[in-house]
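These are my notebook entries on how two chains meet. I set down what I looked up, one topic at a time.

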Amino acid sequence: MLKTADQISVTQTVIIKEIIDSPLKLNLMELGFLPGKSITLRHSAPMGGPMAFQLDETILALRKNEASLIKVQLL
Amino acid sequence: MNKPNTPISALKIPKIAIIGNPNVGKSTIFNQLTGLNQKIGNYPGVTVDKKIGVMNYQGNTYEIIDLPGTYSLNPNSEDEIIANRVLNQSNEAEKPEFVLMVIDSSQLSRGLFLATQLMDLGLSLAIVLNMADISAKRNITIKTFEIFKALRVPILSTDARGEKGLDQIRELIHTRNFSKKGDFIAIEEVVPITLLDEFQTKFQLPNHYQAYQMLRFGRVDKIISQEDRDWIKAKLEELNFDLEAAQLEETKIRYKKITKIVELAVVKELTVKKKKYSIDQIFLHPIFGYLIFAAILLVMFQAIFAWASVPMDLIDGFFAELSGRVNNYLPSGPLANLISEGLIPGIGGVVIFIPQIAMLFGFLAILEDTGYMSRVVFLMDRWMRPYGLHGKSVVPLISGVACAIPAVMAARNIGNWKEKIITIMVTPLMSCSARLPVYVILIGLVVPDKTIGVINLQALTLLGLYFLGILGVLGTAFLLKNILKTTEKSFLMVELPSYRAPRWLDVLLTMYSKSKTFVLEAGKIILAISVVLWVLASYGPSNRMDEIRTEGEIKLATATNPMQVDEIEAETSSLLLENSFMGIMGRGIEPVIRPLGYDWKIGIALIASFAAREVFVSTIATIYSIGGDPEDDLTIRQKLNQQIRPNGEKVYNTATAFSLMVFYAFAMQCMSTIAVVYRETKGWKWPLIQTAYMTGLAYLSAFLVYQILS
């Protein structure tokens, strides 16, 4: 099932399918959000605040807006 | 590889640039290599600090350039523009000979992404794999040789948090163990070769990747001439070249190659994955996270208030003493007055801010270094965004409660231009500690010291004034959010690094360099304005000033007891101020400020306290010839209470006092803030708009308050 990364719940691990075209696509890819990588949602700030994903060994925080650019495949 | 024994002219100091991703310990290496031999300057056209240091090793001198932390050399922000500008410039004299690339060994692929871009630029490179300790803790082993095999550039594994490894870095620089390998990927795969050739010839660049960088940065780096920028733009349009697609393609190809290297080089130990308990489960908790943040702030500001007041009092005392001694020592005359009453207090007025600046930045450096700061951004971003601010705006805003000067300086690391400008514009509206003396005097004058239930009316008024400041901040930010236009997209992509102990050397150096920057850059303006204000307050247009002085001296001669001496002296200085240029200006603005409930004496205090808000109190003390200790609230209060208007009403009635408090809540009334905004925005545009806006807002609000209450 395909979703975007802002829709997953804390502790859920998913595989990145693709990054949706947008001016931020390049920034996301540079950080290592690449198709095929697995990410885990670690924390989510209250009231629709930023989300912190684990990617390899790092935790990266994104706004919901940016997370919605990441199409993911549920495991 | 460059031969270590290449003869180098004694005059030419080798330049080495240090570059790396954010949070990889790059600045620690820079600090340890250079110590106090650092200089902070400016790059033209941007707000990024230029950090250059000198390293001495085995009798040789090296210049080290600390470039801002970036993830790539793509034109995303000012940081990347600067990194590209320094590494890719045509000016051979300015260009670093060698580049030291710092990679966090637990973030190998992200680091290699930038490193391989540097290789493609054709730079002489060496890689430092930093933080070996942390990756060891995470059960990762890195086979450095595999990376070397793939890249063919020297690689050093170190832990810069300890001394270990640092000598190796010095030795590496000393032996010039850098290597120019070139071409990790073929940029010709994503950009038409004819286009690259054309750029390479036009700008006389050594390789295709540099041509590609010119093609990308030509549109954004203002240092490139308008003519060239137009040419680049026309070229890209002419060929209908999709730059964005090319950049994405480059990123994919690069990461693909890097992934292969990393697969060979990194060995993760497959231990049983135990569910590790993360401290962030508390620190980022929806409730406890905020409570902890509030507690940290409380401790921080308590400490700043408690600790900064000691050195501040010492500085105050020292300059007062110095001023007095110089006055006694020099033959009296205009020069002695200028030095003892204009210059020395002016310099004192700059130095007095150092304890607060150093302490605030000390705390901020600790929060940054431990990794907590990005957690603050994570927690606060959602609450700042509706007002056009960023999670990073929290720190400047809250620091504004202590003092707007370090607070505005702390807005430095907000990447987005619009968010940074809004933060700088609203921060001085927070109620800073210099407003407190003004509030205390006026509240004491008109608000009864009564308690209703458990609430003290005076405390309630003070709290109200703080809320008024916050209201001003949010309202203004919201207004600016809708006025300011930008094409830059606001985003938040921030790493939450692992927690670690602060590196005290880095903390100390931050405190030192921030104070130095303030003194050198904002200090000049503050000193200039304070001398101007002093001249206005001590000189007048007529010989009336001299007459007053002579009269005062005659009266003094007849004085019989110390009480009388005090009285006469106070009266004389009051008369002098009345007849000075500033006194005349005070009378001049009376028609304008009458609707706010102020007379010309208050007008003088308004002009004088443009230097700093707390000057209001001492000026009022002089105007009403309050002798004795001008810091004594009670004497001032009694005296102010006795001031009567021609119609028999009190000057400081409730309406006037509240009007004044509201005026001071909003008005700029702080030349140091103006100076620091000038420094941070690199121009007069924003400080002038800000001063005009704040004064206008203060005037209107004070007008409304007075008209409603009177």
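Which residue of chain A forms a salt bridge with Asp381(B)? I looked this up first, bearing in mind that the model is predicted. The partner is Arg63(A), and the closest N and O atoms of this pair lie 2.7 Å apart. I then looked up the total and noted two salt bridges between chain B and chain A.

**Entry: polar contacts and elements**

I counted the polar contacts next. Between chain B and chain A, twelve residue pairs are in polar contact, with both residues at pLDDT 80 or more. I also asked which elements of chain B give two or more residues to the side that touches chain A. They are helix H3 (108-121), helix H10 (243-265), helix H11 (280-283), helix H15 (372-384) and strand E12 of chain B. Of these, H10(B) gives the most, with six residues. Sorted by class, this side of chain B holds 15 nonpolar, twelve polar and 13 charged residues.

**Entry: extent of the contact**

I recorded 40 residues from chain B and 34 residues from chain A in the contact. Together the two chains bury about 3,200 Å², and 62% of this area is on carbon and sulfur atoms. Within chain B, the residues that lose the most area to chain A are Leu248(B), Phe378(B) and Met493(B). Together these three account for 21% of what the side of chain B buries.

**Entry: a sheet across both chains**

I returned to Met493(B) and found Leu62(A) standing opposite this residue, which belongs to E12(B). Strand E5 (residues 58-62) of chain A is joined to E12(B) by three bridges, and the two strands run antiparallel. I then traced the whole sheet: it is open and has seven strands, in the order E1(A)-E6(A)-E2(A)-E3(A)-E4(A)-E5(A)-E12(B). The pairing is antiparallel.

Why is one side of E1 of chain A and of E12 of chain B left without a neighbour in the sheet? Strand E1 (2-4) of chain A and strand E12 (493-495) of chain B stand at the edges, and each has a single partner strand, so one side of each remains without a neighbour. Lastly, I noted that neighbouring strands of this sheet are turned by 40° against each other on average, direction ignored.

Terms used. Residues numbered from 1 in each chain as written. Chains lettered and ligands numbered in written order. Predicted model: local features only at pLDDT ≥ 70, side-chain atom pairs only at ≥ 80, totals over all residues. Heavy atoms only, no water. Pairing = 2+ DSSP bridges. Helix = DSSP H or I, 4+ residues; strand = E, 2+ residues; numbered from the N terminus. Axes fitted to C-alpha atoms, helices over the stretch in contact; angles between N-to-C directions. Contact = heavy atoms within 4.5 Å. Buried area = accessible area lost by both parts, 1.4 Å probe. Salt bridge = Lys/Arg side-chain N within 4 Å of Asp/Glu carboxyl O. Polar contact = N/O pair within 3.5 Å; in protein donor to acceptor, adjacent residues only side chain to side chain. Nonpolar A, V, L, I, M, F, W, Y, C, P; charged D, E, K, R; others polar.
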